[in-house]
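Look at the chains one at a time before turning to the place where they meet. The text below follows that order.

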Amino acid sequence: MDFRDYQAIDFACDESFQRYCVEDNDADISFWEGWIQQHPGKAAETAEARRLVELLTARQGGRLEQLLHLKSGLDHYDLLQALTAEPVAGLSTPEPLTLPSPAPRFGPILRYAAAAALLLAVTTGILLTRSSRQPQQQMAAAISAGNEPRKTVVLPDGSSIILRQHSEVALAPGFNTTNRELTLTGEAFFDVAPGARHPFIVHTTLADITVLGTVFNINACTEMSGIEASLFKGKVEVAWKNNRQKKILLLPNQKIVINGNGQTTAGTDYKVIPLDADPVNHKAKEINWVRNRLEIENEPLADIAARLQQWYGIRIAFADEEVKQYRYSGTFESETIIKALDALQLSYPFSFRMAGDSIIISR
Amino acid sequence: MSTAATNNTYWEQVRHGDKQALFALYNNTYPHLLRFGLKLCGNDELVKDCITQLFLQLWGRWQQLKPVTNVQAYLFTALKRHLIDQLAYQARTHTAVSNWSENEENELSYEEIIIRVQQDEEVRARLHRAMKSLTPRQTELIRLKFFEGLTYEQIADRTSQTVKTAYNTIYDAVKTLRRLLK
């Protein structure tokens, strides 16, 4: 029988579909996610089938989301241990950094509320743009993408940044010891690690953007002497450079466009509008340049790493020959290399850490 | 290697500070812990939270962990303790807690569990009515399929009937439920 002829009951009684609903098997998950996406006409039937399965399984499942809660909880725990054990390392410290686990951008849509508040993750992402170049101030460290289409950098606080071609960030002196501030020229995607000690602030020509917590992204497209920032989840505060009193709190699924040339016809120099969602996959178009869809069919990790290295623009090395031969299958879509590696880790574990400007994978 | 032996290996690795082994142990035991917890309290969110807390705590004191012969049984007991603590703290379900003796006589029935995890009163009422319309045989097969997660083949084996009959019984039951839940 062809799945296209299936009714809700047929889906609900299909064993592969059931495994997908309770997240029992990675192959079933990726199959049904793909199938459902390709057959929007069946969306009502599959959604009803899913509700039936959820009802009858007493809402079992959610393993993948819960696993991420556990991981971020552990990262918090480890971070706390590290903070109490020794003074925080500065940028120049050569020791490898452990990477905090970011929230997932994959997996089926889960219908129940999130777990305990104390375990809630914990990443924030910002994508910002600026067209005109900032005069160089005294900066501790500058990182530039140059001619590479994308370049990934992991900062000493665990945040990761993907820089777009010809873009640059300059970290303020004392980054991660006395502050978490940086200046952006161009366009970048920020995946900000949680850190209660110092707020994460991105300076641009027209405005400063402060990460206020929880999970979100900001996105911006290049526009003549303006900035544009989009938020998916959580909160950020946008403060004007030329008027410190002027502040806007962005809400999820909003973007702000600030015009550098003065007032618009509406009488203000900015507007807040909804995100530009792609009609097919409902993902915001603002971060198309950074999102990577990875389709893997029984490939060794060495080959996958080579592809990731090329897309994200960061060197990946192996500390262990055996890990190179681990094989994976599945479809992953992620904004950052850390999310991509985290997704892979779920089906067969390995470790990775940051050392200098490389990611090192080991058993 | 059997599941129990695999869990023992992971346990030993966790005792030596291997975080990946903790995740592997988590993945291996998650469905079992979840089902166990649901039978005790019928609150999926609480159970999921407590499972996470349980593993966080294990990691917090991996140096003090002792060798364990039956890892799953150990985790069941630990999870039960977490659930009791949580419920006692919430002081919502005094009766439920005092009913839990050391033996597991007071498990919730399948119908009670699936109704309890629903938060909407309207859905609960409809589900209650719908489940009543099933025959005991249908209810049992639905439980084996969806709650215990058995395959049609395993169900056929266990209930001495053909796979086709098992499938048809479940299909008809789901059809009835769907109609009554609409």
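In chain B, residues 24 or more positions apart account for 59% of the contacts with a separation of 6 or more; two residues are in contact if their C-beta atoms, placed from the backbone, lie within 7 Å. This is a predicted model, in which local features need pLDDT of at least 70, side-chain atom pairs count only at pLDDT 80 or more, and totals for chains, interfaces and linings use all residues. Residues are numbered from 1 along each chain as its sequence is written, while chains are lettered from A and ligands numbered from 1 in the order in which they are written.

Chain B has 10 helices and zero strands. Helices (H or I, at least four residues) and strands (E, at least two) are DSSP runs, numbered from the N terminus. Of the 182 residues in chain B, 31% are buried, meaning that 20 or more other C-beta atoms, placed from the backbone, lie within 10 Å of the residue's own.

Helix H9 (residues 152–159) and helix H10 (residues 163–181) of chain B have axes that come within 8 Å and cross at roughly 105 degrees. Axes are lines fitted to C-alpha atoms, for helices over the stretch in contact, and angles run from 0 to 180 degrees between N-to-C directions. H9(B) and H10(B) are therefore roughly perpendicular (65 to 115 degrees). In this pair, Tyr152(B), Glu153(B), Ile155(B), Ala156(B) and Thr159(B) of H9(B) meet Val163(B), Ala166(B) and Tyr167(B) of H10(B).

Between the chains, 29 residues of chain A are in contact with 36 residues of chain B. H5(A) gives the most to the chain A side, with eight residues.

Notes. Buried ≥ 20, exposed ≤ 12 C-beta atoms within 10 Å, placed from the backbone. Parallel < 35°, antiparallel > 145°, perpendicular 65-115°, else oblique.
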